[in-house]
Amino acid sequence: MKKVKLPYGIPDYNLTEIVREIPNAEPPALPVNSKLKVIGKRVKRTDALAKVTGTAVFTADVYLPGMLYGKMFRADIPHARIKSIDVSAAKAHPGVFAIHIFKEMIEGANPKENNKKSGYPEVKYAGQPIVGVAAISMDIAEEAVNLIRVEYEPLEFVVDMDDARKPEAPLVYQTNVNQETSSGGEDIEEGLKSRGNVRGPATKSFYGGPRGNLKKGFAEADVIIERTYRTQVQTHCPLETHGVVVDYNRGNVTIYASTQSTKGTRNDFAKTFDLPKSKVRVISEFIGGGFGAKHTLGNFGVMAGHLSKQSGRPVKLMLDRKEEHVSAGNRPNSLQLMKVGAKKDGTLTALKLLSYGTAGVGLGSGVGNIAQAMYECPNFKMDQYDVFTNAGPGAAFRAPGNVQGAFALEQLIDELAERLDVDPLQLREKIDKSTIRKVQRERGTQLMNWKKPKKAGSDPGPVKKGIGVAQAHWPRFVNLDSTVEVRVMQDGAVEVRSAVQDIGTGTKTVLAQVVAEELGLKSADITVLIGDTLFPIGPPSGGSVVTGSITPPARNAAHKVKTKLIDLAAGELDTKAENIVVENSWFISKSDRSKKISFKNLAGKLRVEQITETASRSDDYGGFMIGTVGYEELGAVQFAEVSVDTETGFVKVDRIMAVHSCGRPINISQIESQINGGVIMGIAYALYEDRVMDKNTGHQMNPNLDQYKMPFSFEVPEIQIELIEEYGARSSTDATGIGEPANIATAAAVANAVYNAIGVRMTEIPITPARILAALGKI
Amino acid sequence: MKYKRKKPKTEKTGRISRRGFLKGAGITAAGTVLAGSGVLKLQAQTEEKDKTLGPDAVNIKIKVNGHVRQLSIEPRTTLADALRKELQLTGVKVGCNRGACSACTVWIDGIPVLSCMTLAVEVGDKEVTTIEGLAKDDRLNPVQEAFMEHDATQCGFCTSGMIMTATHLLEHNPSPTEKDVKVALSGNFCRCGTHPKVFDAILDAARKM
């Protein structure tokens, strides 16, 4: 072990240094970004050229010789036992090469339940896949699917959460169920019992269980507010749908996958098909978005595997847009009953949350982590219930739970501030112990020229303006199963290899930057080869873990390579290794600066074609931090300005100010892009998106991009971003992610601004014109 | 291999088939550029030539990015599928396959159209341009340059459609306002939420052109 001094704190606020004891193999401390050349700059994406010229090959773009097209027959009723399946006509259809009938499912809770009697899985939602066909073209595959006949014994179903909670509701599951979590950051408590369709309560998270005594807390309160909030089901809608191309090739499997986890996809496939991991290769060079839903192989991936195995040919199976909506994941809705107690000075004395949410046939609708962790409150309890409905399974979705939770919590705190007659930022100053959010509030206050909001609804005229603020909390997760290889070749070429994937967040580019910085090169000098399980395994792209997990081993591997090159340079320059300094791609003798050799020339002296070093993510410096101090680091504060037309009910977001931090920022422009994306998604969540289920048929009414209302250019407001560097001496790069925090506070900030505009609380989203008019008593 | 195929099942079951729908709709313009009137002219010409084709494959010639290509395709093949599958021009993306996201935007005689809502056989002797055809002699066009410069891509799946729409805008309106840009892009869906940088990139490209 060695002791090093690392930057610690926030520049222009409390930046200092801290001594940490770290393993000898760790590279020296990285100074703050202002002293670096590549890290912390606006570096162009390494794959931007491929994207703007249309040469980037996504899974949807893979066409292999002999490739067949897969299509699945999906249940058209929401709940049924399958009596028989007739695929004879489909089998006889010219151009059909393989047909596979599912014997068990891999998604949702307890997918293998009810499998014994008929031999077929029970249909639990409309759109559940039953049979798959592989044919010479997609048109023929679709024709064959239309020839499949399934005889059902229909069962009573329920798609509405409130209906599903009733004691007489049809049961989605007959027994208690569990579910494995994906790697996307959702929190599922194991072993809980169900009553009817209601499972729970989940009372714990990685932050622990209940604290203190609620009764005592509420007794101490001067002010108590109790409110009910509702959020809708939101679907992920990545522009590239879920899908794979599987080439089974007699057990030497290659899978092109639009996935957030090459590792997860490989491991799922190896397990399902009983193959060693070494026989399954997953390639994901470009991924058209994921937002949490693409962590697993999925039923479609299993199906493509069977069809490819059976036909002996590669099979492409991409979901269509409707399948994407109904079966590929969603953010569960929520019904949140919150009660807060506070002293006159704002001190929270008690906070209670009772929540229900439906992830359809899946689990993971908890919302309480943010209420549990963001504010100081000695007495806290949450009871979170999952409610099963006959709808497609939920999936991790950009800050699972926290987006729903923030919508309720941050409106409640806003209301508390109004009741106590204090500025909502001032109240947060009192109850929020996070240093980073304190600084974020200060910066935001300056940039917004923020004053205590005017009296709600006080604007004259029909179009009323409002301002609002809300905060975000996301724990800093790290995935230690993150490995990177760095190679230097005799011609000076540098290659970075890892199985980690880039779902559009810019992972390739941050890897190039970190390695370039360490080797004294430019990021354009680095070739980044990722998204392939032939390379060392990297983390899944979920939970905002990637940058904090993969950049430290990248730097450490580059450092190991550099150490070898320095030894080589010492020999060439006839000096000692300690006397070599690396600057701007030159290896220079410190004692005699005329003695130097360029990176390229030095590489030419290598004894072998390439040198290669691999490093895995070390433990966090100062101890692995989750749930203890980790939550401080990914805070954010967002401000919203809105206009509400009280005659039409139309809400327009005029401006968002997003104040964020993500440890040491690696690539400023990419961070801005992700924040823009989180904000826009948050606006859409607040105002537009809503999965509408038909209670009578159990089908989604809007499984497309025209009736499922999405943000387009006119829905995008002015977004200003303030990024605050924050050093925590956590790793050799001290970076963290930004994807989730960007999405958490927006909807709550918009809702608070809408309240400030019209003087009526919108406790249910999306805030549609109809809801505004209803709230104003106009309809 | 040859396959005998029945009429598509979809027509019998009363669902709207792509062929039936497109026959009524003609070539569908992307975004709001329909006003360019060239589309309507194109539609009239297409109707004139209307005759029953298929269901078996037919040979067509199609001019794409300056080259005439001969294809054997089923008449129901969309232009998007013909470009992607037959010509490997996979820069043309299909996001929704029903004209709601504009990822599949290409130009026909310089006018943006949704290639997922256009049949390949409809194109006739018009010239198709895809994202792959924008760079001349390996030199990117200013919109492509600006997209790189302004980090106007995230996952990149909407990028081709955005650039095709934006380039057409700048060719017809060299100094657009931000509102002009938003109008032009109003049909282009981007789930990553890259819009602010896309607007910046296009306005910057206009200044540099």
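This is a predicted model: local features need pLDDT of at least 70, side-chain atom pairs count only at pLDDT 80 or more; totals for chains, interfaces and linings use all residues.
Q: What makes residues of chain B and chain A count as being in contact?
A: Two residues are in contact if their C-beta atoms lie within 7 Å. The contact takes 47 residues from chain B and 51 residues from chain A. On the side of chain B, the elements that give two or more residues are α5 (142-149), α6 (159-172) and α8 (195-208).

Q: How is the side of chain B that touches chain A made up by class?
A: That side has 19 nonpolar, 16 polar and twelve charged residues.

Q: How do you know what span is expected for α6(B)?
A: The expected span is 1.5 Å times one less than the number of residues. α6(B) has 14 residues, so 20 Å is expected, and its reach from first C-alpha to last is 20 Å, close to that value.

Q: Why are residues of α6(B) such as Ile163(B) called buried?
A: A residue is buried if 20 or more other C-beta atoms lie within 10 Å of its own. Twelve of the 14 residues of α6(B) are buried, so the helix is mostly covered.

Q: What covers the buried residues of α6(B)?
A: The cover includes α1 (48-52) of chain A, together with β3 (105-108), β4 (111-114), α5, α7 (178-184) and α8 of chain B.

Q: How many residues link domain 1 of chain A in contact with domain 2 of chain A?
A: 13 residues of domain 1 are in contact with 16 residues of domain 2. The side of domain 1 has six nonpolar, six polar and one charged residues. The C-alpha centres of these two domains lie 39 Å apart.

Terms used:
Residues are numbered from 1 along each chain as its sequence is written. Chains are lettered from A and ligands numbered from 1 in the order in which they are written. Helices (H or I, at least four residues) and strands (E, at least two) are DSSP runs, numbered from the N terminus. Ala, Val, Leu, Ile, Met, Phe, Trp, Tyr, Cys and Pro count as nonpolar, Asp, Glu, Lys and Arg as charged, and the others, Gly among them, as polar. Domain bounds come from an automatic or database domain assignment.
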